[in-house]
Amino acid sequence: GIIILDFGSQYNQLIARRIREHGVYSEVIPFNTPVEEIVAKNPSGIILSGGPSSVNAENAHLVEKSLLEKNIPILGICYGMQLITHLLGGTVKKGIKGEYGKAQLEIQKSNDLLSGVSRNSTVWMSHFDEVESLPEGFNINGMTDVISAISNESKHIYCVQFHPEVSHTEEGAKMLENFIFKICDAPKSWKLTNYIDETIADIKAKVGQQKVILGLSGGVDSSVAAVLIHRAIGDQLQCIFVDTGLLRKDEGNKVMENYGEHFNLKIKMIDASERFLSKLKDISDPEEKRKIIGNEFVAVFDEESHKIEGAKFLAQGTIYPDVIESQSVKGPSAVIKSHHNVGGLPEEMDFELLEPLRELFKDEVRKVGVELGIPAHLVNRHPFPGPGLGIRILGAVDEDKVRILQEADDIFIEELYKNDLYEKVSQAFVVLLPVKSVGVMGDERTYEYTAVVRSANTTDFMTATWSRLPYEFLDTVSSRIINEVRGINRVAYDISSKPPATIEWE
Ligand code: XMP
């Protein structure tokens, strides 16, 4: 397959996805992986990615020059281009203003990478430094305001200053396709059905006659992992479903029905709502609530898992972005929210880990789910945060507020499905404010809580815009919530984008 060396660009996962879309396996590994280890993987090609550092900086992220001498085709993107230039004796200088956003690429001399690409096209730039002089044996193939495509074809080294993996680069897909097939001749060996068969065989071999436990949340990742493992080892898999009391309306029953009955999974349902609610009593700080819910979850899961005799493995629905995230070279970014994920259990638990989805992106997990027979409406569910309604009830949480929010949220989601809007938005839910306002119902004065309807559109959940839902639809949702849910007499729609707001309210 194709190896992507990670120098910290936010686009690395995207490169891997684009390549997999062509049926070619690709993985992202840290830039400082030893050269022998990289070569031992026998890659068809290597991509040196973008990254925030500068090759001229003191602690620049470098690779050994020998990596460029293994006769493996290489593509340098952005920082990768500057790094190759630097390692092979060219020079890189600080740009005057940098280039961010769209630019026009003019091809001066085509090569295998740019084959079939129009002479002029739009590309996406995001860099500060620029290549000043070329290493020996290299040609300039394309220019924007700066040198933007160079290569040494006899050495199979190609570089571009722009990002071919983002959709704003009009002909980027063509360039990546040229790289993987024309230049690397990479085999099309990445097929999800092969992946499923191989993974099932691996699980069987690894687990043997042992027992596996898995924390089932009803979310996409843990459900697909559970069904996949069940395919491999049947009833040796014991799922544990913890009802925190902070789940969506009827979630527990739905999980039992969807996965217990239809897929015959063995699920032990633990009703721990009282434990969670009593620990949360009078706590209103969001981070404190997260911590309490996270700790309590681990405590409950720990107790329950030890009641299951002879369990040797703990299965988790870890997916590839989680893996890259935890190994990435990116510096520590500011903690905005300490994301607690119900899938994330501490490692000191006495089990061997089983993570069958570790190599898959979310859309691939969904495809595996469909392939395994999980209905589309289940694999296409929106993400739901680990702390659940605990962070959607602002301030202190109690049973009454949970019930009110569950009812309101259920109405919103039901209407989204009914109006064919659910799959057009990325995440949608209701937030309950602890603020009361005056209203009138019949001839009576009311004094009740405010609900906020939130819906966001995003691809990566790092940035998001509010969904432009039709007024008529919002009107229906608002009337239904106010008329059907006792405890709410006012509905607002959240029109904030992220940033500067976040998707959740806490
Ligand atoms: P924000 O609110 O940070 O949310 O814009 C981005 C995405 O992360 C989810 N989220 C969480 N997920 N535990 C989780 O498992 C958490 O504590 C948590 N907080 C936010 C949120 O639902 C959205 O999809």
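Q: Why are helices H13 and H14 called roughly antiparallel to each other?
A: In this predicted model, the axes of H13 (residues 399-418) and H14 (residues 471-484) come within 10 Å and cross at roughly 150 degrees. Angles over 145 degrees count as roughly antiparallel, and H13 and H14 are therefore given that description.

Q: What is the hand of the crossing in which H13 passes H14, and which residues make the contact?
A: H13 passes H14 in a right-handed crossing. From H13, the contact draws on Ala408, Ile411, Phe412 and Glu415. From H14, Phe473, Thr476, Val477, Arg480, Ile481 and Glu484 take part.

Q: What makes up the contact of H13 with H14, by class of residue?
A: Six of its residues are nonpolar, one is polar and three are charged.

Q: Why does Gly137 count as partly exposed?
A: Gly137 has 13 C-beta neighbours inside 10 Å. A residue is buried with 20 or more such neighbours and exposed with 12 or fewer. The value for Gly137 lies in between, so Gly137 counts as partly exposed.

Q: Where is Gly137 placed, and which residues is Gly137 in contact with, leaving aside its neighbours within four places in sequence?
A: Gly137 sits in the loop between strand E6 (120-133) and strand E7 (139-143). With those neighbours left aside, Gly137 is in contact with Asn152 and Lys155.

Q: How do you know that the reach of helix H6 is close to the expected one?
A: Helix H6 (residues 220-233) has 14 residues, and from its first C-alpha to its last it reaches 20 Å. The expected span is 1.5 Å times one less than the number of residues, which for H6 gives 20 Å. The reach of H6 is therefore close to expectation.

Q: How do helices H5 and H6 pack, and what is the hand of their crossing?
A: Helix H5 (residues 192-207) packs with H6 at an angle of about 65 degrees, their axes being 8 Å apart. The crossing of H5 and H6 is right-handed. The contact involves Thr199, Ile200, Ile203, Lys204 and Val207 of H5, together with Leu228, Ile229, Arg231, Ala232 and Ile233 of H6. By class, the contact of H5 with H6 has seven nonpolar, one polar and two charged residues.

Conventions. Residues are numbered from 1 along each chain as its sequence is written. This is a predicted model: local features need pLDDT of at least 70, side-chain atom pairs count only at pLDDT 80 or more; totals for chains, interfaces and linings use all residues. Axes are lines fitted to C-alpha atoms, for helices over the stretch in contact, and angles run from 0 to 180 degrees between N-to-C directions. Helices (H or I, at least four residues) and strands (E, at least two) are DSSP runs, numbered from the N terminus. Angles under 35 degrees count as roughly parallel, over 145 as roughly antiparallel, 65 to 115 as roughly perpendicular and the rest as oblique. A crossing is left-handed if the near helix is turned anticlockwise from the far one by less than a right angle, and right-handed if clockwise. Two residues are in contact if their C-beta atoms, placed from the backbone, lie within 7 Å. Ala, Val, Leu, Ile, Met, Phe, Trp, Tyr, Cys and Pro count as nonpolar, Asp, Glu, Lys and Arg as charged, and the others, Gly among them, as polar.
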